[in-house]
Amino acid sequence: MFSPDYVGHDPEEAVMDFKKRIANYEKAYESLGRHPGENEFSYLQTIDAGRRLVLNEITGFIQGKIVSYLMNTHIMPRTIYLSRHGESKWNVTG
């Protein structure tokens, strides 16, 4: 168990707690269908922290923007380069 929730805990106790959490989730779990198109709900399913995305019934501007945001979210640190262009004719003329 490598979750921050279990740092400093006994591994056996961590596994038991994790299994209890899963059991609680299963009580409230409601399937959306095994394959896209089996239901009328709009949803985005992300698998392996964004390695694979499943979209179902995504329509409209707001839903599209949310999908775009989630597809471009990264959980790993990475370098982002920002640059400013050189002087242009527009800058010279003011």
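Two strands count as paired if DSSP finds at least two bridges between them. Keep that in mind for the hairpin stop on this tour. What you have open is a predicted model, where local features need pLDDT of at least 70, side-chain atom pairs count only at pLDDT 80 or more, and totals for chains, interfaces and linings use all residues. Residues are numbered from 1 along each chain as its sequence is written, and side-chain values use heavy atoms, with hydrogens and water left out.

**Whole chain**

Start with the protein chain in cartoon view. Helices (H or I, at least four residues) and strands (E, at least two) are DSSP runs, numbered from the N terminus.

Now zoom out. The C-alpha trace spans about 70 × 45 × 20 Å along its principal axes. Its radius of gyration is 22 Å, whereas a compact globule of 94 residues would come in near 12 Å; the radius is taken over C-alpha atoms, and the globule rule is 2.2 Å times the number of residues to the power 0.38. Of the 94 residues, 7% count as buried. Buried means under 20% relative accessible area, exposed over 50%, and partly exposed in between (1.4 Å probe, protein chains only).

Next, colour by pLDDT, the predictor's confidence in each residue, from 0 to 100. The chain mean is 82, and 91% of residues reach 70 or more. Confidence is highest in helix 1 (residues 11-28), at a mean of 92, and lowest in helix 3 (residues 89-93), at 79.

Select Asp5, Asp17 and Arg21 and show their side chains: they are linked in a network of salt bridges. A salt bridge here is a side-chain nitrogen of Lys or Arg within 4 Å of a carboxyl oxygen of Asp or Glu. How many does a search of the whole structure find? Two.

Arg21 bridges to Asp5, with the closest N and O atoms 2.9 Å apart. Arg21 lies in helix 1 and Asp5 in the segment before helix 1, so this pair ties together parts that are 16 residues apart in sequence. Arg21 also bridges to Asp17, at 3.3 Å between the closest N and O atoms. Those two sit four residues apart in helix 1, separated by about one helical turn.

**The hairpin**

Move along to residues 43-47 (strand 1) and 52-56 (strand 2), which pair in the antiparallel sense over five bridges. Click Thr46 and look across to strand 2, where its bridge partner is Leu53. The two strands form a hairpin with four residues between them, and Asp48 in the turn has a positive phi of about 55°.

Then step to Glu57, in the loop between strand 2 and helix 2. Glu57 has a positive phi of about 55° too, although it is not a glycine. At 43% relative accessibility, Glu57 is partly exposed.

Finish on Phe61, which lies in helix 2 (residues 61-71). Phe61 counts as exposed because its relative accessibility is 62%.
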